[in-house]
Amino acid sequence: MCGIAGYVGPRNAIEVVYDQLKRLEYRGYDSAGIAFLNGAATIKIVKKAGKLTELGKALGDDVPDAHIAIAHSRWATHGGPTDENAHPHFDQFEDIALIHNGIIENYAELKADMVREGATFHSETDTEVAAHVIGQEYAAGMPLEEAVRRAIRKMRGAFAFVVFSKKEPKKFVAARNFSPLIIGLGDGENMVASDVPALLPYTREVVYLEDDRVATITTDGVTITDLDGKAVVVVQHHIDWDIAAAEKGGYEHFMLKEIHEQPEVVRMCLAGRIDEAGKVRLEQVFSDQVWHGIDRVNIIACGTAYHAGLMGKYLFEKMLRLPTDVFFSSEFRYSDPLLSPDSLAVFISQSGETIDSLAALRLCKQRRIRTLGIVNVVGSAIARECDRTIFTQAGPEISVASTKAYTAQCIVLELLALYIAQVKEMPGVRVDENVLELRNLAPKFEQVLLVEDQVRELAVKFQDAKLAFFLGRNADAHAIREAALKFKEITYIPTEECPAGEMKHGPLALVEKGTLAVFGATSSDVREKLASNVREIQARGGFAWVVTTDDDNSLDAIADAITKVPTTSDPYLNALLSAIPYQLFAYYVAMAKGGEEIDQPRNLAKSVTVE
Ligand code: AGP
């Protein structure tokens, strides 16, 4: 999710890559750096924590001339946002400089081996490890692209690299495995970037680098090979997006882009956390002894993160039989909460800066309660202040209406539950089965996105709705709360959300002819009961849209509209997959109503730093 830029050609390469990073600013980042050669025999690296302007200040007004440069804006994953952790990174001989997007899953093992052999590292990043691995190969005297190919064979994970060497100063080498890289083709100049907007002012002719490909880029052209060094055909594309649209990757809004990023988010969130033996690996959590002693979990969060917490409660109690409560942060701190000394307080936050959650965290710390953060933004206050933090690795979320962060939070909660089950060796929990479902989840997120056209058609019919019900049972009773929040915050249509069985105790009074009721029906054990609730709505003239799993036909005949999500053997993941149709529905109803404010709905902010 970081920004990558590289240039070789007659222009001032430093100015070009700096400008390219500026065009990637919308992605969000916490530090930036640049490496260049300006005729001297050594590569120069300048890098700074903070905004791009900090890097600009460090470069100064009198930017040196350079014909080749690579630059990077980092969104921290391994190690906080500091000058040292910012990219580029040198290898051990300072022959090459490398920038990287993604995660090297086996970096800790690789690093330990190299430390044993005497290597010194200057950062906490997995990227510096990758630079050293390439450097080691390169020291044997082969061309840079061959060193990259050999190094890739030693690394596991999702990544995109750009690297250049002082010994071969007229080229840089780019490689891709999952993380995007696009090569821009110019006239006597060539470049590379992680996203199209960075290239558009310079060229509209591009090559999308594919997985397991290594590209050599010079002023004269581009050659691409597979990992065996065999040449592959370079397929050129013409881009005709305008620059503003391109920042959103061609999507009209960041919200839609982020909805579509979720398969990738699932991959990033799981990266490095499931080992080859199918065991969950969570670094930086408590010792086994601590997990054995925890008698209760309190999840504390706001908004969407609170809804992820409700999903967490469902999971922790069902899978682990561990009593779990979920609190709104704003209520928690004034409620004089009853906290057992052996409880664990879990703080979920995308931004890591939400003031209500931060205040609740400080209260727990005063009361000497153990705290664990589930946070997206590395270096944020909640991430820093929790005893331990697990990062959701969802990349920057720009749309105020949260989508991909929710999915990542729910996945981390499942990883955590499985990790605890593993530590406690709970005989009733099939960790291996659940891990397999997690491993197969990203393609299921790809599949569920195919409901988009169907959901768009349905949404258009409800642009004038006065009220929408969101109903479900079991895991769906939690999932529909997030669905309702998404819907109200961008459509401005009021919602009524409650467990489906609760309708007849009051809210049913609001149903009239044409009232929309969205039913989450992915929980198979309560479907028959839910069918009765569907009929209750219809008997009063309401319209029932049912979201269920694709192995279920029991509701086909009674639903007024039905959408199916891929089935897993884990009811929690089935309910999580249903988030996609709900998010798309909210988006397309808002679009049908004009769609001007979708990314920044009225009265709302991305990060709520006031009480
Ligand atoms: C939901 O779409 C909102 N963005 C909001 O409810 C958000 O989840 C809440 O403000 C909590 O923010 P946090 O995750 O950054 O702490």
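**Cavities in a predicted model**

**View 1. Lining of the second largest cavity.** Tyr406, Ala479, Glu482, Ala483, Lys486, Ala575, Ser578, Ala579, Tyr582 and Gln583 line the second largest cavity of this predicted model. A cavity is a set of points on a 1 Å grid over the protein atoms alone where a 1.4 Å probe fits but cannot get out, and a lining residue has an atom within 4 Å of a point. Two elements, α18 (475-491) and α21 (579-592), each give two or more residues to this lining. The largest share, four residues, belongs to α18. Helices (H or I, at least four residues) and strands (E, at least two) are DSSP runs, numbered from the N terminus.

Residues are numbered from 1 along each chain as its sequence is written. The model is predicted, so local features need pLDDT of at least 70 and side-chain atom pairs count only at pLDDT 80 or more, while totals for chains, interfaces and linings use all residues; side-chain values use heavy atoms, without hydrogens and water.

**View 2. Volume of the second largest cavity.** Its volume is about 60 Å³, where a volume is the space filled by probe spheres set on the points, and grid points are joined across faces, edges and corners.

**View 3. The largest cavity.** The largest cavity holds about 160 Å³ of space. It is lined by 19 residues, of which Cys2, Trp75, Thr77, Asn101 and Gly102 are the closest to its centre. The elements β4 (68-74), β6 (96-104) and α4 (126-138) give two or more residues to the lining. With three residues, β6 gives the most.

Notes: 1 Å grid on protein atoms, 1.4 Å probe; cavity = no way out; pocket = protein on both sides within 12 Å on 5 of 7 lines; lining within 4 Å.
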